[in-house]
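Trainee: I have a structure open and would like to go through it with you. Where do we start?

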Amino acid sequence: MSKRIDVGPMAPMVKNVSTVYDTIFDHRAAIQAEQQIMIREFETKRGNLDIVALQTANGALAAPLDLSTKCQTISENNMDKLIAASKEANRIARETLAKEQSHVAQRTKLRQGGEMMEAEQSAQYLAEQQKRMAMIDETFEHQKKALEEKYKV
C-alpha cells in the first residue's frame with residue numbers, strides 16, 4: 001500500500017516521520033529474526049515438542065504484528081488527511097491573498113482617480129479665477145477712463 005505523494009518542501013519532515021514510524025511500529029523484521037533464532041535453538045536441543053510450542057508462540061506473536069499493521073494503516077490514513085487539510089489551507093490562503101491584492105489595486109485606482117479629479121477641478125478653478133480677474137481689471141480700466149474723462153482737470 002505504498003503511495004507516492006508529493007508533499008513539496010515538507011518532504012524531509014515526512015521522511016523523518018516515516019523513519020521514526022518504521023522504527024517504533026514496524027517490528028516485523030526483528031520479530032521474524034528472533035523467531036528463526038529460537039526455532040533453531042529449540043530444534044537442536046528439544047526436539048519436535050518444542051517446535052509445536054514455538055508455533056504456538058508464533059501464533060501469539062501474530063496478534064501484535066497485525067496490530068502494528070493496523071497502526072500503520074491508521075497512520076497512513078491520518079497522514080493523508082493531514083496532507084489534504086494542508087492543501088485546503090494553502091488554497092484558502094491563496095484565495096484570501098488574491099482578494100486582498102485585488103482590493104488594494106482597486107483602492108489605489110480609486111485614489112489615483114480622485115487625485116486626477118482634484119487636479120482637474122483645481123485647474124478649472126484657477127482658470128475661472130483668471131477670467132474673473134481679467135474681467136475685474138477690464139471693468140476697472142473702463143471705469144477709470146470714464147471717471148478721468150468726467151473729472152478732467
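Mentor: Start with a term: buried means under 20% relative accessible area, exposed means over 50%, and partly exposed is in between (1.4 Å probe, protein chains only). At 45% relative accessibility, Arg107 therefore counts as partly exposed.

Trainee: What kind of model is this, and how are residues numbered?

Mentor: This is a predicted model, where local features need pLDDT of at least 70, side-chain atom pairs count only at pLDDT 80 or more, and totals for chains, interfaces and linings use all residues. Residues are numbered from 1 along each chain as its sequence is written, and side-chain values use heavy atoms, with hydrogens and water left out.

Trainee: How many helices and strands does the chain have?

Mentor: There are 3 helices and 0 strands, and the pattern along the sequence is α-α-α. Helices (H or I, at least four residues) and strands (E, at least two) are DSSP runs, numbered from the N terminus.

Trainee: What share of the residues counts as buried?

Mentor: Of the 153 residues of the chain, 5% count as buried. The accessible surface of the chain is about 13500 Å², and 60% of that belongs to carbon and sulfur atoms. Accessible areas come from the Shrake-Rupley method with a 1.4 Å probe; for residues, only the protein chains shown count as cover.

Trainee: New topic. How many salt bridges are there in the whole structure?

Mentor: A search finds 3 salt bridges. The term means a side-chain nitrogen of Lys or Arg within 4 Å of a carboxyl oxygen of Asp or Glu.

Trainee: Why would such side chains pair at all?

Mentor: Side chains of opposite charge can pair when their charged atoms come close.

Trainee: Which residue does Arg107 pair with?

Mentor: Arg107 forms a salt bridge with Glu100, with the closest N and O atoms 3.7 Å apart. Glu100 is partly exposed, at a relative accessible area of 42%. Elsewhere, salt bridges that share partners join Glu88, Arg91 and Glu95 into one network.

Trainee: How far apart are the atoms that pair Arg91 with Glu88?

Mentor: The closest N and O atoms of that salt bridge are 2.2 Å apart. The side chains of Glu88 and Arg91 are also joined by a polar contact of 2.2 Å. A polar contact is a pair of N or O atoms within 3.5 Å; within protein, one must be able to donate a hydrogen and the other to accept it, and residues adjacent in sequence count only if both atoms are side-chain atoms.

Trainee: And where do the two sit along the helix?

Mentor: Arg91 and Glu88 are 3 residues apart in helix α3, so about one helical turn separates them. Arg91 is partly exposed at 33%, and Glu88 is partly exposed at 36%.

Trainee: What about Glu95?

Mentor: Glu95 meets Arg91 in a salt bridge (2.5 Å, N to O). Glu95 and Arg91 are 4 residues apart in helix α3, so they too are separated by about one helical turn.

Trainee: Last one. Is Glu149 buried or exposed?

Mentor: Glu149 counts as exposed because its relative accessibility is 60%. Glu149 lies in helix α3 (residues 48-150).
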